[in-house]
Amino acid sequence: MRIRIVDAFTDRPFAGNPAGVLLLDASTSFPDDTWLQNVALEVNHAETAFAHPLPGGGDADWALRWFTPAAEVAMCGHATLAIAHVLATTGAARGPVRFATRSGVLVATALDDGSITMDFPTAPLTAVANPPGVAEALGAEPLTTHDTGPNIGDLLVELPDEKTVRGLAPDLVALGRHSERGIIATARAEDPSKGYDFVSRCFFPNIGIDEDPVTGSAHTALAPFWSERLGRAELTGLQASSRSGRVRTELRGDRTFLSGRAVTVIEGDLLA
């Protein structure tokens with residue numbers, strides 16, 4: 001079958017977040033989980049997305065699952081963007097595509113300008129006390145800390161400024177003790193005239209990802225967090241990893257729209 005590597009949340013290759021993409025033949029089920037996990041380990045990017053078409057007339061058009069090199073996850077934004085990009089650019093799907101996932105039905109729509117908008121559930125934020133040891137593990141003192149709910153499983157940590165977020169060099173082993181998946185560190189943009197409203201970095205040691213380059217799912221928590229503080233439903237986030245990428249967000253109550261672009265950089269045959 002064909003396998004692709006797609007850089008998501010970027011308009012140029014070798015930036016954004018790379019994801020493996022495999023479109024499987026029509027089936028009523030996925031292949032064995034061990035095979036799916038082995039393929040994701042072989043691809044060895046933050047996520048590999050597997051999807052197969054569903055019979056017509058149902059609530060969804062494709063079944064979709066995501067695997068890191070170490071585990072299956074309940075939600076992934078950049079790999080969903082990547083697979084929606086492949087469906088659109090290959091002609092395998094037209095218009096809005098409905099994906100059946102562990103997080104419910106997610107919809108991705110390819111727009112005329114080449115970008116893709118995804119409809120995801122908004123993460124329920126709950127303010128919590130700073131857990132002992134988080135500041136030491138991050139190397140920075142949080143201003144506020146929030147739990148992001150079951151779909152994401154992260155701890156959202158607000159830091160004093162953009163410079164602090166960019167300069168983080170956390171103790172990843174220690175960070176892994178404080179959340180199910182990892183830590184989202186964020187701060188307000190130092191200069192919004194540069195085209196983004198907030199910055200973030202995401203560390204997910206518990207699922208085999210030291211630092212994720214650009215994390216769509218994290219923005220379902222970042223969108224409500226910053227929309228409340230900045231007083232706007234539509235924002236742009238910059239994930240300040242070494243590859244970097246931008247995510248446009250629009251908060252619509254219990255749904256968050258995430259928008260970005262993607263570029264296919266590798267295409268070949270999976271022989272195993």
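Trainee: How many salt bridges does a search of the whole structure find?

Mentor: The search returns 15 salt bridges. Please bear in mind that the model is predicted.

Trainee: What makes the pair Arg-2 and Glu-267 a salt bridge?

Mentor: The closest N and O atoms of Arg-2 and Glu-267 are 3.3 Å apart. The criterion asks for a side-chain nitrogen of Lys or Arg within 4 Å of a carboxyl oxygen of Asp or Glu, so the pair of Arg-2 and Glu-267 qualifies. The two residues belong to distant parts of the chain: Arg-2 is in strand β1 and Glu-267 in strand β18, 265 residues apart.

Trainee: Why are Arg-2 and Glu-267 called partly exposed?

Mentor: Arg-2 has a relative accessibility of 35%, and Glu-267 has 43%. Buried requires under 20% and exposed over 50%; Arg-2 therefore falls in between, and so does Glu-267.

Trainee: How do you know that Asp-33 and Arg-65 form a salt bridge?

Mentor: Their closest N and O atoms are 3.1 Å apart, and the limit is 4 Å, so the label applies to Asp-33 and Arg-65. This pair joins Asp-33 in helix α1 to Arg-65 in strand β4, 32 residues apart.

Trainee: Is Arg-65 buried or exposed?

Mentor: Arg-65 has a relative accessible area of 15%. The threshold is under 20%, so Arg-65 is buried.

Trainee: What makes Arg-102 and Glu-72 a salt bridge?

Mentor: The closest N and O atoms of Arg-102 and Glu-72 are 3.8 Å apart, which is within the 4 Å limit. Arg-102 lies in the loop between β6 and β7 and Glu-72 in strand β5, so the pair ties together parts that are 30 residues apart in sequence. With a relative accessible area of 53%, Arg-102 is exposed, whereas Glu-72, at 24%, counts as partly exposed. Elsewhere, salt bridges that share partners join Arg-2, Arg-4, Glu-267 and Asp-269 into one network.

Trainee: Why is Ser-227 called buried?

Mentor: Ser-227 has a relative accessible area of 8%, and the cut-off is under 20%; the label therefore holds for Ser-227.

Trainee: What does the side chain of Ser-227 reach at 2.9 Å?

Mentor: That side chain reaches the backbone oxygen of Arg-232. A polar atom of the Ser-227 side chain also lies 2.8 Å from the backbone oxygen of Ala-223. Leaving out residues up to four places away in sequence, Ser-227 touches Arg-232, Ala-233, Leu-235 and Leu-251.

Trainee: Why does Arg-188 count as partly exposed?

Mentor: Arg-188 is found in strand β12 and has a relative accessibility of 46%. Exposed would require over 50% and buried under 20%, so Arg-188 is partly exposed. Beyond its neighbours within four places in sequence, the contacts of Arg-188 include Glu-162, Asp-197 and Trp-226.

Key
Residues numbered from 1 in each chain as written. Predicted model: local features only at pLDDT ≥ 70, side-chain atom pairs only at ≥ 80, totals over all residues. Heavy atoms only, no water. Helix = DSSP H or I, 4+ residues; strand = E, 2+ residues; numbered from the N terminus. Buried < 20%, exposed > 50% of the residue type's maximum accessible area, 1.4 Å probe, protein only. Contact = heavy atoms within 4.5 Å. Polar contact = N/O pair within 3.5 Å; in protein donor to acceptor, adjacent residues only side chain to side chain.
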